[in-house]
Amino acid sequence: MRRTLVRCLMVAGAVLLFVGLPGRGQTPKWPGATDGDYVAKNFKFRSGETMPELRLHYTTLGKPARNAEGRVTNAVLILHGTGGAGSQFLQPIFAGELFGPGQLLDANRYYIILPDGVGQGNSSKPSDGMHAHFPQYDYDDMVLGHYRLLTEGLGVNHLRLILGTSMGCMHSFVWGETYPEFMDALMPLACQPVQIAGRNRVWRKMVMDAIRNDPEWHGGEYSAEPQQALRTALDLLLIAGSAPLYMQKTMPTRDAADKYLDDYFKTRMAGLDANDLMYAVNASRNYDPSSSLEKIAAPVMYINSADDFINPPELPMAEREIRRVKNARFVLLPISDETRGHGTHTKAVIWKQYLAELLEKSAR
């Protein structure tokens, strides 16, 4: 039972709303592994706010390869979900299925880039000291930050693939519309190509309202974390990331479920910052790629899971909107013992056959 509960915690936490972050310098031993920071000077946000120095943390594996014209031919950008970090993709359920010798994204062949988004991981974020005075970043700012990291910091002028999970899925659509010639292929997992509305917006607003309405919030200038706000936020995040079938099978009794919840809070509360959390959730406020989907030029393999609370299969937007993207395919993974709700996007064994299909289709 203890092993089962630990597995559940790993799934609920690591897969993807608000994962635990390793410290700097703890990158596993992959070919050419590098852990670093790029500082974008005079970064201007869409809000009009600026930062003289915006730190963007990243991990890279492998080495870039260039053709005769100097274009990078093997770079792969992998984008994490809300509150996550690039390092989460080094866990066995992802890296162990994709980055090893002979695997689809073999780090001996590909230059794999795992960045932390603005406000997330070890990139610049409110808890660094600015608190509620940190610029009100959004998804366009986050994509611009990664574009500058690639082009100015890492010297990458082209991507073989962008693969994004959850928030990173949404960033993939923004990338495809904003820089349509910059990548050969796009693989968005676990999102919708439309404005965040309906239940998806409601639970996000509930998270933010719980933080803002806590008496200990103090406009973001709290001296101690507002515990009740974070508890409520974690309640909602747990439900949003849950997988009903898997949780029923791994917590088949009342006592097992209660123990799981107690352990979940002990694990997730540690190191969680209310400002960082609210900024991360609020960054989705004006996401809406639906007006420009026709701009996407790269082949797209778009995947959702049928047990995803955030992107449930009864909503018609995914299948409807993806028809507007040329060279795109939408796959809805059926519920099974292997799917993990919203977190299915990080269990690569379930969908890597579709990645193989996309890589073959987009080969030049």
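1. Start with the second largest cavity. Its lining comprises 7 nonpolar, 3 polar and 1 charged residues. The model is a predicted one. The volume of this cavity is about 60 Å³. The structure holds 6 cavities of 30 Å³ or more.

2. Which residues line the second largest cavity? They are Gln192, Asn304, Asn311, Pro312, Pro313, Leu315, Pro316, Ala318, Glu319, Phe330 and Leu332. Two elements, α10 (317–322) and β8 (328–333), each give at least two residues to this lining.

3. Next, a helix pair. Helix α3 (residues 139–153) packs with helix α4 (residues 167–178) at an angle of about 75°. Their axes lie 10 Å apart. The two helices are therefore roughly perpendicular to each other.

4. Look at the residues between α3 and α4. From α3 come Tyr139, Asp140, Met142, Val143, His146, Tyr147 and Leu150. They meet Met167, Met170, His171, Val174 and Trp175 in α4. By class, this contact has 9 nonpolar, 2 polar and 1 charged residues.

5. A second pair to check is α6 with α8. Helix α6 (residues 227–240) and helix α8 (residues 254–269) pack at about 120°, and their axes are 11 Å apart. That angle makes α6 oblique to α8. Is the crossing of α6 and α8 left-handed or right-handed? It is right-handed.

6. Finally, the residues of that contact. α6 contributes Gln227, Leu230, Arg231, Leu234, Asp235, Leu237 and Leu238. α8 contributes Tyr260, Leu261, Tyr264, Phe265, Arg268 and Met269. The contact of α6 with α8 counts 9 nonpolar, 1 polar and 3 charged residues.

Terms used
Residues are numbered from 1 along each chain as its sequence is written. This is a predicted model: local features need pLDDT of at least 70, side-chain atom pairs count only at pLDDT 80 or more; totals for chains, interfaces and linings use all residues. Side-chain values use heavy atoms; hydrogens and water are left out. Axes are lines fitted to C-alpha atoms, for helices over the stretch in contact, and angles run from 0 to 180 degrees between N-to-C directions. Helices (H or I, at least four residues) and strands (E, at least two) are DSSP runs, numbered from the N terminus. Angles under 35 degrees count as roughly parallel, over 145 as roughly antiparallel, 65 to 115 as roughly perpendicular and the rest as oblique. A crossing is left-handed if the near helix is turned anticlockwise from the far one by less than a right angle, and right-handed if clockwise. Contact means heavy atoms within 4.5 Å. Ala, Val, Leu, Ile, Met, Phe, Trp, Tyr, Cys and Pro count as nonpolar, Asp, Glu, Lys and Arg as charged, and the others, Gly among them, as polar. On a 1 Å grid over the protein atoms alone, a cavity is a set of points where a 1.4 Å probe fits but cannot get out, and a pocket is an open set with protein on both sides within 12 Å along at least five of seven lines; lining residues have an atom within 4 Å of a point. Grid points are joined across faces, edges and corners, and a volume is the space filled by probe spheres set on the points.
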